Amino acid sequence: MKFATRAIHVGQEAEPVTGATIVPIFQTSTYTQEGIGQHKGYEYARTGNPTRTALEACLASLENAKYGLCFASGSAASATVMNLLSAGDHVICADDVYGGTYRLFELVFTRYGLQYSWVDMTNPENVAKAIRPNTKMLWIETPTNPLLSVVNIAAVAEIGRKHKCLTVVDNTFASPYLQQPLDLGADIVVHSTTKYIGGHSDVVGGAILTNDEQAYTKLKYHQNAVGGVPGPHDCWLVMRGVKTLALRMEAHCANAMKIAKWLQSNTSVSRVIYPGLSNHKQHDLARRQMRGFGGMVSFELKGGEAAARKVAGQTKLFSLAESLGGVESLIGHPATMTHASMPKEQREARGLTGGLLRLSVGIEDADDLIGDLEAAFAMVESRKAVGV
Ligand code: P1T
């Protein structure tokens, strides 16, 4: 079965008792046993729930994985991957990641004795150079949040194999429709299903997908032991969203490309970052590694931070909001929003300036979205002209 078919059918056979075509929401915390130890595979809903099982099977299939585990958030999924490690272990991470991932690793897990090196993974040699005797994991995000750098998954996974490190890819920005890291040699994929997979900005969730049986067994153990599991209704919402992932991603990519090109031609804009533009530093790699270039576009205005702050408050269709990947367009100011927990010096060293704006381009009509940005830019220009 091809991707779009799997998104609608895998794990989602008609329910055997009633014939319900759509997987029901099994809103139960426990399961009645016929006798001690005699049950139908479910004992307690932290450990397992049929609605969650269906979603786990579907997402595993979409990432070409044997095993899937779902979580209450992308952050809970990332934290559970860290549970594979022990005090004294070292992780090499892409230096441009979601601010919450930076916070989780640098401010939470370092207190438990894990060590992190933040390296520019766009050059895989930097990863090889950062390897230490205690390095156990390589953590990739690609395209990165919010600077949309593209990391060569196959090259980094090769380094991981050579040094017996697990390679993990946070595939949230691309979604499995645009990129399947396990096929490129990665060991584990992590998602915030809050984003493109859910697709409607109405649910928070996460997932881990893998073909590594040993890693899966440990992750499943920690999923149950730590307990950051999603409720059945949330699983059902994610499952409803994922059915249209293929269609939505095509529309996100087409709209983002139009907007990136429009921004590039606009005289108020000093820099546009979109992997689909031929001047993007890893454009050729993105062409090879991804099926499309995604729905995220970052840019800077000539007026710097002051102009960025004003534009972010002026758009009408682009809501000023955290998050991404929904059908509706969002605009964000990473320095004060998604990446506020990263110290200013760290942000600036990565090129994440106060002037940077990030668009999550939705699937509305592209002309309306361009019109919205145009009006916001004009409003800021006219205020500047009258000194407001
Ligand atoms: O929000 P949560 O479901 O816990 O997912 C965390 C997360 C993990 N990985 C990436 C690449 C992410 O972008 C996120 C969440 N990001 C935002 C909320 C944001 O606006 O960038």
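## The domain interface

Between them, domain 1 and domain 2 bury about 3200 Å², with 59% of this on carbon and sulfur atoms (buried area being the accessible area, with a 1.4 Å probe, that two parts lose on being put together, summed over both). Of the area that domain 1 buries against domain 2, Tyr 177, Leu 178 and Tyr 196 supply 24%, more than any other three residues. The model is a predicted one, in which local features need pLDDT of at least 70 and side-chain atom pairs count only at pLDDT 80 or more, while totals for chains, interfaces and linings use all residues. Residues are numbered from 1 along each chain as its sequence is written, and side-chain values use heavy atoms, with hydrogens and water left out.

## Domains and their contacts

The protein chain is assigned domain 1 (3-242) and domain 2 (247-385), with bounds that come from an automatic or database domain assignment. Their C-alpha centres lie 27 Å apart, and 40 residues of domain 1 are in contact (heavy atoms within 4.5 Å) with 41 residues of domain 2.

Across this interface the rule finds 19 residue pairs in polar contact, both residues at pLDDT 80 or more; such a contact is a pair of N or O atoms within 3.5 Å, where within protein one must be able to donate a hydrogen and the other to accept it, and residues adjacent in sequence count only if both atoms are side-chain atoms. For salt bridges (a side-chain nitrogen of Lys or Arg within 4 Å of a carboxyl oxygen of Asp or Glu), the rule finds 0 across the interface of domain 1 and domain 2.

## The ligand site

Each of the two domains gives at least three residues to the shell around the ligand. Among the residues at the ligand, a polar side-chain atom of Ser 75 lies 2.7 Å from a ligand oxygen atom, and an N or O atom in the side chain of Asn 145 is 2.9 Å from an oxygen atom of the ligand.
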